[in-house]
Amino acid sequence: MPSFVCDGCQDTCTKGKIAAHRRRCGDAHVMSCADCNETFYGDEVIKHTSCVTEKEKYAGKYLAKAAKQRQQKQQQQQKQKQQS
């Protein structure tokens with residue numbers, strides 16, 4: 001589940017604590033996702049349930065490279081089956 005940063009006070013909170021934070025902070029109508037950096041206004045933040053996985057966040061380009069290598073390997077295997 002993503003965490004959110006209040007653009008008013010820079011406090012970080014989880015989705016379950018957004019309502020309490022809004023009561024406490026007058027500038028909490030603009031929140032940004034800590035994982036994907038997307039900005040949400042008003043109640044848009046409630047709809048944001050997932051964005052990037054931890055694996056994607058921390059592995060980044062290495063994850064994409066591994067996926068490309070898997071795809072190439074699968075394509076080679078399919079070509080070998082077709083030639084047989």
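Histidine 21 sits in helix H1, which spans residues 18-24. In this predicted model, histidine 21 has a relative accessible area of 2%. That value is under the 20% limit, so histidine 21 counts as buried. Its side chain makes two kinds of link that can be listed by partner. With the side chain of aspartate 11, histidine 21 forms a polar contact at 3.5 Å. With the side chain of arginine 24, histidine 21 forms a polar contact at 3.0 Å. Beyond its neighbours up to four places away in sequence, histidine 21 touches Cys6, Cys9, Asp11, Cys13 and Ala28. With neighbours within four places left aside, cysteine 25 is in contact with Cys6 and Cys9.

The protein holds 4 helices and 4 strands. From the N terminus, the elements follow the order β-β-α-β-β-α-α-α. The chain has 84 residues, and 20% of them count as buried. The accessible surface comes to about 6600 Å². Carbon and sulfur atoms account for 47% of that surface. Among contacts with a separation of 6 or more, 35% join residues 24 or more positions apart.

Strand E1 covers residues 3-6. E1 pairs with strand E2 (residues 12-14) in the antiparallel sense, over 3 bridges. In this pairing, phenylalanine 4 stands opposite cysteine 13 in E2. E1 and E2 form a hairpin, with 5 residues between them. Glutamine 10 lies in the turn and has a positive phi of about 65°. E1 also pairs with E3, again in the antiparallel sense and over 3 bridges. Here valine 5 stands opposite serine 32 in E3.

Cysteine 33 belongs to strand E3, which runs over residues 30-33. Cysteine 33 counts as buried because its relative accessibility is 1%. The C-alpha atoms of cysteine 33 and serine 50 are separated by 9.8 Å. Cysteine 33 and serine 50 are 17 residues apart along the chain.

In soluble globular proteins, nonpolar side chains tend to be buried together. The largest nonpolar core here has 10 residues. Its members are Phe4, Cys6, Cys13, Ile18, Cys25, Ala28, Met31, Cys33, Phe40 and Val45. Strands E1 and E3 each supply at least two residues of this core.

The whole structure contains 1 aromatic pair. The rings of phenylalanine 4 and phenylalanine 40 have their centres 6.2 Å apart. Their planes meet at 80°, so the pair is edge-to-face. Phenylalanine 4 lies in strand E1, and phenylalanine 40 lies in strand E4 (residues 39-41). The pair therefore ties together parts that are 36 residues apart in sequence. Both phenylalanine 4 and phenylalanine 40 are buried.

Key
Residues are numbered from 1 along each chain as its sequence is written. This is a predicted model: local features need pLDDT of at least 70, side-chain atom pairs count only at pLDDT 80 or more; totals for chains, interfaces and linings use all residues. Side-chain values use heavy atoms; hydrogens and water are left out. Buried means under 20% relative accessible area, exposed over 50%, partly exposed in between (1.4 Å probe, protein chains only). A polar contact is a pair of N or O atoms within 3.5 Å; within protein, one must be able to donate a hydrogen and the other to accept it, and residues adjacent in sequence count only if both atoms are side-chain atoms. Contact means heavy atoms within 4.5 Å. Accessible areas come from the Shrake-Rupley method with a 1.4 Å probe; for residues, only the protein chains shown count as cover. A nonpolar core is a set of buried Ala, Val, Leu, Ile, Met, Phe, Trp, Tyr and Cys residues joined through side-chain atoms within 4.5 Å. Rings of Phe, Tyr and Trp (its six-membered ring) pair if their centres lie within 6.5 Å; planes under 30 degrees apart count as stacked, over 60 as edge-to-face and the rest as tilted. Two strands pair if DSSP finds at least two bridges between them.
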